[in-house]
Number of protein chains: 4
Amino acid sequence: MSRLKNVAHLPPKGWNSWDCYGASVTEDEVLGNAEYMAKHLLPHGWEYVVVDIQWYEPTARSSIYNAFAPLEMDGHARLMPAVNRFPSAAGGKGFAPLGEKIHAMGLKFGIHMMRGIPRQAVHANTPILGTNRTARDIAANNICPWNSDMYGVNPAADGAQAYYDSLFALYASWGVDFVKVDDIATSRLYPFFREEIEMLRLAIDRCGRDMVLSLSPGPAPLEHAAALKQNANMWRMTDDYWDKWHYLKGMFERCAKWWPLVGDHGWPDCDMLPLGHIGIRSVDGNWPHPWEPLGANNRQTRFTRDEQRTMMVLWTIFRSPMFFGGELRDNDDWTLALLTDPLLVEMHREIRKSWPEGSGNKDVVIWRAEGVSADYVARFNIGEVPVEGIPPHGVILERVVK
Amino acid sequence: MSRLKNVAHLPPKGWNSWDCYGASVTEDEVLGNAEYMAKHLLPHGWEYVVVDIQWYEPTARSSIYNAFAPLEMDGHARLMPAVNRFPSAAGGKGFAPLGEKIHAMGLKFGIHMMRGIPRQAVHANTPILGTNRTARDIAANNICPWNSDMYGVNPAADGAQAYYDSLFALYASWGVDFVKVDDIATSRLYPFFREEIEMLRLAIDRCGRDMVLSLSPGPAPLEHAAALKQNANMWRMTDDYWDKWHYLKGMFERCAKWWPLVGDHGWPDCDMLPLGHIGIRSVDGNWPHPWEPLGANNRQTRFTRDEQRTMMVLWTIFRSPMFFGGELRDNDDWTLALLTDPLLVEMHREIRKSWPEGSGNKDVVIWRAEGVSADYVARFNIGEVPVEGIPPHGVILERVVK
Amino acid sequence: MSRLKNVAHLPPKGWNSWDCYGASVTEDEVLGNAEYMAKHLLPHGWEYVVVDIQWYEPTARSSIYNAFAPLEMDGHARLMPAVNRFPSAAGGKGFAPLGEKIHAMGLKFGIHMMRGIPRQAVHANTPILGTNRTARDIAANNICPWNSDMYGVNPAADGAQAYYDSLFALYASWGVDFVKVDDIATSRLYPFFREEIEMLRLAIDRCGRDMVLSLSPGPAPLEHAAALKQNANMWRMTDDYWDKWHYLKGMFERCAKWWPLVGDHGWPDCDMLPLGHIGIRSVDGNWPHPWEPLGANNRQTRFTRDEQRTMMVLWTIFRSPMFFGGELRDNDDWTLALLTDPLLVEMHREIRKSWPEGSGNKDVVIWRAEGVSADYVARFNIGEVPVEGIPPHGVILERVVK
Amino acid sequence: MSRLKNVAHLPPKGWNSWDCYGASVTEDEVLGNAEYMAKHLLPHGWEYVVVDIQWYEPTARSSIYNAFAPLEMDGHARLMPAVNRFPSAAGGKGFAPLGEKIHAMGLKFGIHMMRGIPRQAVHANTPILGTNRTARDIAANNICPWNSDMYGVNPAADGAQAYYDSLFALYASWGVDFVKVDDIATSRLYPFFREEIEMLRLAIDRCGRDMVLSLSPGPAPLEHAAALKQNANMWRMTDDYWDKWHYLKGMFERCAKWWPLVGDHGWPDCDMLPLGHIGIRSVDGNWPHPWEPLGANNRQTRFTRDEQRTMMVLWTIFRSPMFFGGELRDNDDWTLALLTDPLLVEMHREIRKSWPEGSGNKDVVIWRAEGVSADYVARFNIGEVPVEGIPPHGVILERVVK
């Protein structure tokens with residue numbers, strides 16, 4: 001029986017470490033943000049705390065990957081938290097202690113993983129747990145183009161499913177509630193990874209614990225929307241998103257393409273919210289200057305308040321998952337108010353259906369939503385001058401009692 | 001206000017002249033099939049009678065187009081029924097008399113049209129009704145690759161929408177209930193014709209009469225599913241479909257891609273049902289021998305009874321529109337029984353949601369559906385040998401009371 | 001026997017009406033430029049006078065095509081010069097009188113033609129000379145995407161070759177020495193038109209007169225270089241070229257791809273030289289403002305003197321055909337000196353082989369050539385600051401005695 | 001100064017181990033074939049003896065690669081001959097002793113190499129000779145899709161050129177005369193590897209020894225023909241070629257596309273000649289049955305004698321490199337006679353230029369060649385019935401004294 005619909009009744013909301021800490025977040029930082037969330041955001045539906053990529057890489061210090069760097073790994077090709085960054089993982093305990101603490105706050109715990117099997121396991125020919133197979137037997141000679149940690153897994157190989165099962169058994173033992181799987185929703189090198197997605201689905205269904213399955217990066221191919229809906233709870237419909245207006249403007253077009261696929265425990269994903277204090281150790285999102293020194297990106301979001309509100313309204317009315325990307329503890333009052341805006345919180349909970357409508361003006365985009373007890377209309381101005389009373393890059397949101 | 005959701009509450013069912021008569025059907029043949037439908041099929045939900053392509057081409061005699069042939073046209077670039085084929089159209093009455101007769105039987109009347117404006121109108125520079133523009137002003141220098149009748153219409157041209165409005169005003173006056181627009185859902189030469197689709201939508205919304213909007217040919221691009229759902233009631237998800245197993249087998253893959261887009265007055269279309277007596281004057285569907293003489297294709301459907309039933313169950317459980325393509329008056333009892341099968345008729349009416357499921361056997365495809373008062377499970381064998389009690393190319397269908 | 005190698009022993013040099021007069025040149029203008037060429041340029045190897053597109057369109061007045069405009073045509077689907085523009089063509093004499101005058105000056109006469117058969121001939125079903133076929137029998141339902149004059153010709157149709165033969169018989173009777181065939185070297189809609197190119201080749205070989213065959217537009221596909229070399233004397237390796245630095249800079253990359261294909265009566269073509277007084281009635285080449293009023297483009301070339309010299313050296317050392325695009329009679333002394341520069345004239349005549357070389361500096365491009373009695377080295381600076389003594393956008397050219 | 005034109009004055013001819021021994025040839029086998037060549041073929045222009053892929057893989061036993069297998073490597077990321085297969089390589093002598101023996105026979109010695117740096121060196125972070133860099137510093141995260149031995153080399157990395165230089169310094173010390181570089185002429189995953197090709201060229205130019213540079217696999221992109229001609233002596237214009245008629249028939253089309261690029265020390269390559277006794281330990285070339293047990297492919301060439309002759313004539317008149325793929329010692333008299341046919345040997349030496357011609361019959365392909373003292377005409381029948389006196393799949397070759 002699939003666990004797909006045991007979770008994600010609504011678009012998931014939470015925090016993710018990428019936009020502020022890149023590949024280098026530490027246990028203290030995770031816990032600090034969790035505490036903030038438990039105190040300020042949980043009553044408003046924010047509940048997931050997600051540790052993003054390379055928690056197994058001891059030398060990670062930004063969002064730049066150290067090519068071919070050795071990774072922390074157990075004897076069965078399963079990556080383990082780097083103890084220098086996650087001290088509670090010492091003694092082989094993995095993320096279990098961290099998961100427990102997060103659960104104790106009433107929150108849910110999420111981790112990132114890459115499609116595939118560590119390349120170092122393949123070169124070391126590590127045995128696969130519960131089989132008489134080794135990493136070389138199940139590895140596929142395909143790679144992620146932007147990260148050198150993993151090989152793919154060959155779906156036809158004996159031991160392949162057992163490998164993914166062994167990963168999720170471990171994650172279940174850690175209390176993981178949410179898995180963001182990367183290098184799988186789109187690939188610039190290979191066809192759609194349908195079979196690895198199906199292996200992940202099966203591994204979750206077998207692991208003894210419900211978990212949200214989130215697929216990255218994007219844009220996921222609309223052509224394969226049916227397979228995404230059958231296996232995952234959310235998938236990126238966009239490449240990495242950052243705090244520049246052109247990214248936000250582009251999202252209107254993506255939402256206009258994906259809205260018929262929204263709902264029923266499956267949520268096309270507009271990517272994280274680069275709000276508040278970001279770029280602390282991440283150096284992404286600053287194109288075309290990725291080579292700037294660490295700290296050069298350390299900033300408050302570059303979005304104006306109108307743009308921030310436009311983003312929150314669009315994500316909410318479209319029903320995208322929402323993961324705050326900033327250091328929560330540095331939020332100012334305005335930002336906190338935005339995250340806890342009662343109308344947005346209501347809309348997240350109440351909307352059952354939404355769609356865009358033409359407006360006769362190419363700069364005015366209208367979205368309508370039907371909720372349980374009210375309807376909602378958002379009128380966005382994506383142009384550069386005020387129009388129909390809406391400021392440029394701004395939005396007017398209305399609640400209509402039925 | 002859009003008329004989109006005034007129609008097609010269920011997937012439309014009816015008859016279409018293409019599979020038996022190609023581009024050459026006559027008034028008598030249309031009426032004969034309508035009478036049969038009224039008598040035998042209407043109580044089972046079959047209601048549309050559709051005259052397919054080139055009713056304006058006096059010399060059409062098969063499914064082969066006479067390249068650059070002169071067409072019957074009024075003084076405003078609007079094609080008119082060829083009187084030698086549709087005698088009741090004499091005196092400029094168009095399809096009004098035929099529409100009336102079909103309505104009198106309790107049925108609905110449909111016609112085919114091509115995207116664009118007749119090339120002969122452009123060369124004659126015909127005026128556009130209700131404007132001071134001419135055909136050359138609004139024509140776009142783009143063409144259908146497989147038929148030489150029309151140029152496209154330039155959406156940016158003054159008079160373009162007025163032209164489409166004038167077409168649908170005429171069709172409304174004829175009592176048209178269903179329009180199959182061709183050369184528009186996919187193109188092998190040009191990008192997606194979103195703007196011409198939007199002009200069609202607007203023309204229907206303004207014409208004073210509800211009409212089902214059906215788009216051909218296929219495969220329509222899944223990438224543009226949202227635009228299809230916002231403007232049309234059905235669209236072809238496949239190229240022309242004929243009575244060979246490989247076409248039917250291929251449809252399982254297409255249904256597996258499109259199922260999340262089914263419903264809410266928008267129906268991905270598996271194309272017509274090439275059943276019963278077909279190929280009477282059509283010479284298509286016989287590839288690779290399209291050059292065979294007229295009459296060489298005259299046949300009973302080549303599908304076996306298992307295949308026919310498989311097709312009917314798949315179209316029904318997927319919720320495709322269903323248009324019978326054979327000469328209805330030549331149906332044998334078995335074929336009539338298939339079209340009026342009580343369980344299939346119930347499923348068409350009752351299903352609210354359906355989806356495919358993996359089966360662990362690549363030859364066994366399972367579809368499940370939820371209905372108002374019962375659920376349904378269809379287990380198809382798409383392989384060449386019996387499996388799990390299902391004959392090759394066959395299906396076992398179950399009704400499960402909730 | 002092919003006439004391919006009877007002509008174009010060197011890259012052809014001449015004048016073409018497009019850059020100054022667009023589709024609207026007149027007889028007087030052609031003759032005026034011819035006289036200038038005979039007097040000033042012929043001794044330096046410039047010899048072809050080419051009337052570009054739409055000499056058969058009476059209402060042409062710029063470089064913008066009047067969509068679907070009626071064309072001057074004889075009774076056999078052959079386009080004829082518009083007498084209001086070419087008075088000597090009156091009485092059905094076509095271009096024969098103009099050709100004669102040009103020959104009398106010691107020059108050679110060229111005309112433009114489009115691939116295919118006039119659409120108006122197809123709609124009128126005009127007979128094809130010397131056959132019992134008509135335009136509809138041989139027309140192919142394919143079109144040029146940027147001009148509405150013609151349909152393609154179906155190579156498999158009986159009468160197709162006869163049609164092209166009838167065209168070239170007419171052109172031979174006019175004394176045509178050079179044919180620029182358009183809509184054939186590349187297409188944005190269709191695969192490579194190999195068969196129409198072969199029909200053209202055969203028609204020339206049969207017509208009784210040697211003619212240079214030039215194919216447009218570009219970029220011609222390098223993938224089909226062999227077919228180009230077997231059938232044509234020159235073909236465009238670039239889309240339309242104008243007097244902006246980015247076009248000229250881009251040509252270095254194209255030359256670097258095509259140089260091994262240069263020679264033996266086949267010349268990859270860098271397109272016309274937009275020098276001197278251009279844009280007189282052409283409104284092209286001013287992107288992104290094509291809508292500007294007639295006359296707005298009327299200008300001296302926007303190229304600086306360094307850029308003009310860079311262009312002339314590159315065209316010469318690469319061995320491109322060279323067709324001056326400006327109104328010759330308005331040349332200043334500097335421009336005339338450029339066209340008659342003794343070293344460039346020598347290089348055009350003497351070079352047997354040339355190729356680019358890496359330079360260790362991405363802004364410095366080196367070309368070397370071997371001539372009969374000397375070698376040549378050109379060092380181009382394609383960057384924005386002086387380097388190695390070469391000004392930005394400039395060139396240093398050396399002659400090395402062997 | 002480039003060594004490009006110091007070699008390959010004529011299309012290279014020789015023997016290659018792939019078609020008979022796959023990735024598993026041994027020293028004895030190489031020497032045995034060399035001795036045969038020296039005795040029987042050298043006087044007829046056959047001179048290169050080439051050890052194909054994976055001479056550094058101790059466990060290779062067929063043409064199937066053992067995924068992720070450990071490779072024999074020195075301390076500087078340079079692969080070394082597996083001593084169990086090449087005993088003379090013991091003691092770190094590499095291929096020097098084998099090279100010497102081959103030279104002593106009057107022959108030339110060739111080896112295969114893959115683009116890039118061994119993955120195992122990257123994971124071990126091996127130092128790069130003559131630099132303070134390591135394998136991780138210069139590796140590019142790109143891979144060959146069909147073999148798991150190597151990563152690419154990052155052309156922008158400090159140490160990258162030094163690595164390739166260190167490889168060719170070693171090969172020069174071994175007496176290598178010919179290098180077949182693989183995974184570089186085409187890629188199914190990545191754009192054209194222009195920069196790695198340029199690094200190879202430079203490494204050869206610096207290494208102190210002339211070497212033929214041969215690039216594989218194919219089809220190399222015609223779009224990049226200029227870059228190929230500037231850097232390499234031969235490049236594959238086809239994917240792997242085997243002894244089935246459809247491969248040979250397809251080569252006519254490839255030759256028709258590439259002939260203008262033939263000559264001047266650069267030779268488009270039709271791939272090896274699968275003649276005589278092949279498939280001894282190779283299991284390729286038997287698609288669609290690659291899984292058949294070792295030995296199942298052990299065979300005499302499947303080509304008929306007409307086909308063998310057709311192939312030899314086409315390769316010769318087109319001027320392809322020619323590498324015999326069978327076990328030479330098992331040649332019968334007929335095969336030896338074919339390889340030493342005086343007319344073919346003369347043509348290889350004498351032809352200066354060749355090209356295909358149309359024949360009016362789609363089954364008859366004509367090639368003409370101009371030689372120093374004679375011309376040649378080959379008339380091939382690529383159809384299935386005799387035509388114009390030529391047997392099906394056969395050829396008639398004529399020598400025409402000028």
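Which residue lies over the face of D:Tyr151? The answer is in point 1.

1. D:Arg119 lies over the face of D:Tyr151, at 5.4 Å from the ring centre. This is a predicted model, and the points below should be read with that in mind. In chain B there is another case of a charge over a ring: the charged end of B:Arg115 sits over B:Phe193, 3.8 Å from the centre of that ring.

2. Over all chains, the structure holds 87 aromatic pairs. One of them joins C:Trp55 and C:Trp174 in an edge-to-face arrangement, with 6.0 Å centre to centre and 80° between the planes. The pair links distant parts of the chain, as its two members are 119 residues apart. C:Trp55 is in the loop between strand 2 (48-51) and helix 3 (96-104) of chain C, while C:Trp174 belongs to helix 6 (residues 160-174) of chain C. Both C:Trp55 and C:Trp174 are buried.

3. D:Tyr241 and D:Tyr247 also form an edge-to-face aromatic pair, with 6.1 Å centre to centre and 65° between the planes. D:Tyr241 counts as buried because its relative accessibility is 1%, and buried means under 20%. D:Tyr247 has 24% relative accessibility, so D:Tyr247 counts as partly exposed.

4. In chain A, one aromatic cluster is formed by A:Trp55, A:Tyr56, A:Phe86, A:Phe95, A:Phe109, A:Phe168, A:Tyr171 and A:Trp174.

5. Chain A also has an open sheet of eight strands in the order 10-9-8-7-3-2-1-13, with parallel pairing. Strand 10 (267-269) and strand 13 (322-324) of chain A stand at the edges; each has a single partner strand, so one side of each is left without a neighbour in the sheet. From one strand to the next, the twist averages 25°.

6. Within this sheet, strand 1 (residues 13-16) and strand 2 (residues 48-51) of chain A run parallel and are joined by three bridges. A:Asn16 has A:Val50, in strand 2 of chain A, as its bridge partner. Helix 2 (residues 27-41) of chain A packs on the sheet and touches strand 1 and strand 2 of chain A. The direction of helix 2 makes about 165° with that of strand 2 of chain A.

7. How can chain A be laid on chain D? A turn of 180° and a shift of 0.0 Å along the axis do this, with an RMSD of 0.0 Å. The two copies are therefore related as by a two-fold rotation axis. In chain A, the C-alpha nearest the axis belongs to A:Leu189, 2.9 Å from the axis. The same surface serves both copies, as 100% of the contact residues of chain A recur in chain D.

Technical notes
Residues numbered from 1 in each chain as written. Chains lettered and ligands numbered in written order. Predicted model: local features only at pLDDT ≥ 70, side-chain atom pairs only at ≥ 80, totals over all residues. Heavy atoms only, no water. Phe/Tyr/Trp six-rings, centres within 6.5 Å; stacked < 30°, edge-to-face > 60°. Helix = DSSP H or I, 4+ residues; strand = E, 2+ residues; numbered from the N terminus. Buried < 20%, exposed > 50% of the residue type's maximum accessible area, 1.4 Å probe, protein only. Lys NZ or Arg CZ within 6 Å of the ring centre and 35° of its normal. Least-squares fit on C-alpha atoms with pLDDT ≥ 70 in both. Contact = heavy atoms within 4.5 Å. Pairing = 2+ DSSP bridges. Axes fitted to C-alpha atoms, helices over the stretch in contact; angles between N-to-C directions.
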